[in-house]
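Hi everyone, thanks for coming. I'd like to walk you through one structure today, so please have a look at it with me.

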Number of protein chains: 2
Amino acid sequence: MTTVDHLRQVRLGNLRTVLLALVDRPGSRADLAARTGLTKATLSNLTEPLLANGILVEEPATLAGMGRPSKPLRFHPGGPVAVGAEINVSHLAVETLGLDGETIRRHLVPADIRDSTPDEVLDRVAELIRDITPARPLLGVGLAVPGVVHDGVLVRAPNLPKLVGSPLADDLRRRLDLDVELDNEANLAALAHLWPRHLAGEDFVHVSADVGIGAGVVINGEVYRGVSGFAGELGHVVIERDGVRCTCGGRGCVERYAGLDVILREAGRRRLDSLAKALEAGDPKALAAVGAAGAALGVGLATLMNLFDVPTVVLGGSYAVLHEHLSTAVQSEMDARVLAGGERHTSLVASPLGEFAVVRGAAGLITRRAVHQPERLFA
Amino acid sequence: MTTVDHLRQVRLGNLRTVLLALVDRPGSRADLAARTGLTKATLSNLTEPLLANGILVEEPATLAGMGRPSKPLRFHPGGPVAVGAEINVSHLAVETLGLDGETIRRHLVPADIRDSTPDEVLDRVAELIRDITPARPLLGVGLAVPGVVHDGVLVRAPNLPKLVGSPLADDLRRRLDLDVELDNEANLAALAHLWPRHLAGEDFVHVSADVGIGAGVVINGEVYRGVSGFAGELGHVVIERDGVRCTCGGRGCVERYAGLDVILREAGRRRLDSLAKALEAGDPKALAAVGAAGAALGVGLATLMNLFDVPTVVLGGSYAVLHEHLSTAVQSEMDARVLAGGERHTSLVASPLGEFAVVRGAAGLITRRAVHQPERLFA
DNA sequence: CGCACTAAGTTCAAGCATTGAACGAATGAG
DNA sequence: CTCATTCGTTCAATGCTTGAACTTAGTGCG
């Protein structure tokens with residue numbers, strides 16, 4: 001590390017600070033200086049290359065009050081964008097996201113890819129991405145998959161066994177000639193509630209269900225990934241040590257009581273929307289199935305909250321759809337079991353992001369990286 | 001933040017890097033330069049005030065090989081020291097620790113303080129500290145207590161109700177006229193396995209038992225504290241949703257199956273050493289009690305490991321004493337339940353620190369803070 | 001004994017990002 | 001038209017690391 005490097009680090013750090021302030025909201029140089037604690041001089045200096053490179057634009061001028069009018073800066077409407085993509089058991093989704101946090105376009109297509117080869121899937125994903133990509137510089141692609149990811153490879157995915165082991169990130173990178181970052185859908189869904197806007201505070205768990213149950217834990221505004229990206233395996237938290245056998249080899253895992261497949265089976269339904277209708281109509285079997293799942297989930301979540309010390313739970317994915325009929329049981333188990341030492345209280349909310357949470361998180365991964373490592377913007 | 005501040009930050013960061021290298025082992029300026037990536041010039045500059053202030057000493061010279069002999073630098077034998085203190089149900093302990101990581105003196109006295117007032121306890125602690133404090137500058141006191149700590153106050157301590165709510169840190173500070181930092185014993189026991197030397201890798205959970213069960217989770221070389229210092233409440237992880245009632249209001253908490261009180265009761269013993277003797281003698285009742293506790297603990301630990309994605313468990317405190325008879329059952333539950341996706345394997349080890357782990361961690365908290373915030377060394 | 005060789009540690013001018021104060025620019029109020 | 005006010009830019013000063021040159025202090029060999 002040379003001294004020049006040290007100083008460069010300071011500059012990059014300040015650049016990040018400024019960009020973060022701009023993600024929050026646009027502002028003039030003077031305003032940004034006030035918000036970041038830097039001086040006006042530094043702000044002129046830092047924003048100059050951002051304007052020159054088409055990352056920011058200077059708006060005409062704001063005529064308000066006395067003094068010289070300010071010319072607010074904001075992200076350039078033709079500036080770089082990030083792409084998010086999601087591969088899931090029953091659908092594919094793509095989204096483009098600007099640095100300002102606005103969704104540009106999004107697209108979700110049903111698709112049963114359980115029997116497809118990795119090449120077939122990636123071909124379709126690449127096509128979807130090309131279809132929605134605007135004529136603007138591209139920062140890269142975030143790719144979400146339902147399973148454990150390590151080093152750009154899907155290493156474990158009970159529901160997509162055919163994709164396990166392929167270098168998905170590299171293969172998609174080759175197809176598009178773009179940076180591709182592979183990550184787990186649970187982590188990305190959690191990230192979507194955190195970036196570019198905080199939707200559930202600085203600390204929360206995002207829980208969603210397909211066949212498995214994934215939890216993304218957010219602590220201090222960061223997704224907690226654990227040592228090997230394995231963290232948050234809520235599905236295999238034990239709630240009955242001698243309970244039902246689980247595919248993982250253990251017994252009594254939450255997944256065997258609150259997984260979506262279990263809920264549907266117990267309710268005698270085949271698909272989520274049919275279950276939702278039955279609940280709406282007050283079908284007792286459906287209500288009982290969801291209630292039982294909620295209780296089991298609540299026990300598992302209480303354990304998680306006691307270990308991670310997180311106050312908020314966000315129900316996402318299928319759980320968000322079932323939220324209304326699920327949350328009573330979840331909340332009551334949580335209230336009974338989470339240590340209320342001091343002034344703690346647990347809050348339980350449904351995700352506002354709907355079915356696009358994962359793909360938005362995937363795109364957000366890329367815009368976030370660009371803001372945190374501003375040198376990438378000048379490539 | 002002025003620019004001067006920025007530059008000062010760079011300097012302090014480099015100072016930290018150098019001190020960390022020295023905690024690892026002594027070395028000449030040239031050696032340190034090589035190890036830290038800084039230049040020899042910077043090292044001369046950085047170490048000059050450390051030598052002037054009696055933090056470091058320059059050793060005579062090492063005559064080895066060709067070239068000008070190097071004069072290794074190490075922490076001054078008369079330099080500042082940290083004090084650790086532990087308040088527990090059945091004993092008090094104190095230890096003094098140098099920046100080099102060497103224990104200077106330690107002392108552990110049995111004491112039943114369950115009925116003592118905070119003032120009585122702190123008087124005794126202050127006396128113990130004065131007894132072992134060497135005639136060297138003092139960096140501060142780390143104070144360990146069995147319970148949840150918030151802002152220098154013990155806010156929850158089922159086993160020491162009389163101390164709850166007193167400003168222990170402030171009261172001890174007043175007695176000694178020293179900085180006092182209060183923390184939870186589980187966190188500090190974990191820290192002791194991490195600082196000043198890594199005894200169990202970069203990522204592990206340290207588990208120990210008294211009446212409750214405390215876990216200190218270490219991720220990436222940092223103690224994970226959670227949002228409000230509550231993290232790692234392994235005792236209230238649920239292993240049987242409809243199991244035994246717990247003081248926390250829930251049911252089936254690990255604590256009710258693997259707590260030390262439960263083990264002793266089931267084994268028909270009153271004290272840990274008596275239990276240990278019975279185990280040695282092969283007493284079936286004792287063996288059964290410990291085996292059952294181990295199984296329950298293993299289930300809870302599997303849940304914790306699936307959530308935190310940590311590969312190693314360190315058994316400390318009473319569990320370390322029982323380790324030989326406990327680990328088989330623990331390990332077998334862990335093996336059965338922890339997701340072995342990919343190449344994961346769980347390892348289970350006994351703490352090498354014995355009964356001084358907590359108090360050593362308490363002192364380590366202070367030396368670590370001094371190294372991480374080197375400006376404190378010049379106060 | 002002396003000279004070449006090696007490595008440790010020091011000295012010093014150069015380089016760099018931020019700062020703060022001074023300055024120029026653009027508008028509203030009276 | 002002039003003053004007050006706020007925005008944005010310019011520029012010398014600051015303080016830290018750097019790298020190269022230099023000094024110091026030994027070893028090895030003839």
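Contact, here and throughout, means heavy atoms within 4.5 Å. B:Ala370 sits in helix H12 of chain B; helices are DSSP runs of H or I with at least four residues, strands are E runs of at least two, and both are numbered from the N terminus. Is B:Ala370 buried or exposed? With a relative accessible area of 2%, B:Ala370 is buried. The terms go like this: buried is under 20% relative accessible area, exposed is over 50%, and partly exposed is in between, using a 1.4 Å probe and protein chains only. B:Ala370 and B:Leu99 are 271 residues apart in sequence, yet their C-alpha atoms are 8.4 Å apart in space.

Before I go on, a word on where this comes from. This is a predicted model, in which local features need pLDDT of at least 70 and side-chain atom pairs count only at pLDDT 80 or more, while totals for chains, interfaces and linings use all residues. Residues are numbered from 1 along each chain as its sequence is written, chains are lettered from A and ligands numbered from 1 in the order in which they are written, and side-chain values use heavy atoms, with hydrogens and water left out.

Back to helix H12 of chain B, residues 357–372, which also holds B:Arg360. B:Arg360 counts as buried too, because its relative accessibility is 12%. Its side chain makes a polar contact of 3.5 Å with the side chain of B:Glu95. A polar contact is a pair of N or O atoms within 3.5 Å; within protein, one must be able to donate a hydrogen and the other to accept it, and residues adjacent in sequence count only if both atoms are side-chain atoms. Besides B:Glu95, the residues that B:Arg360 touches include B:Leu97, B:Thr103 and B:Pro196.

Now for the two chains together. How many residues does each chain bring to the contact? Chain B gives 49 residues and chain A gives 48 residues. The area buried between them is about 4,000 Å², with 59% of it from carbon and sulfur atoms; buried area is the accessible area (1.4 Å probe) that two parts lose on being put together, summed over both. On the chain B side, B:Arg241, B:Leu307 and B:Leu339 lose the most area to chain A, together 20% of what that side buries.

B:Arg241 turns up again, in a salt bridge with the side chain of A:Glu240 at 4.0 Å, N to O. A salt bridge is a side-chain nitrogen of Lys or Arg within 4 Å of a carboxyl oxygen of Asp or Glu, and the count between the chains is one. There are also 18 residue pairs in polar contact between chain B and chain A, both residues at pLDDT 80 or more. Helices H1 (3–24), H10 (284–308) and H11 (317–337) of chain B each supply at least two residues to the side that touches chain A, and H10(B) gives the largest share, eight residues.

Conventions: Lists of a residue's contacts leave out its neighbours within four places in sequence.
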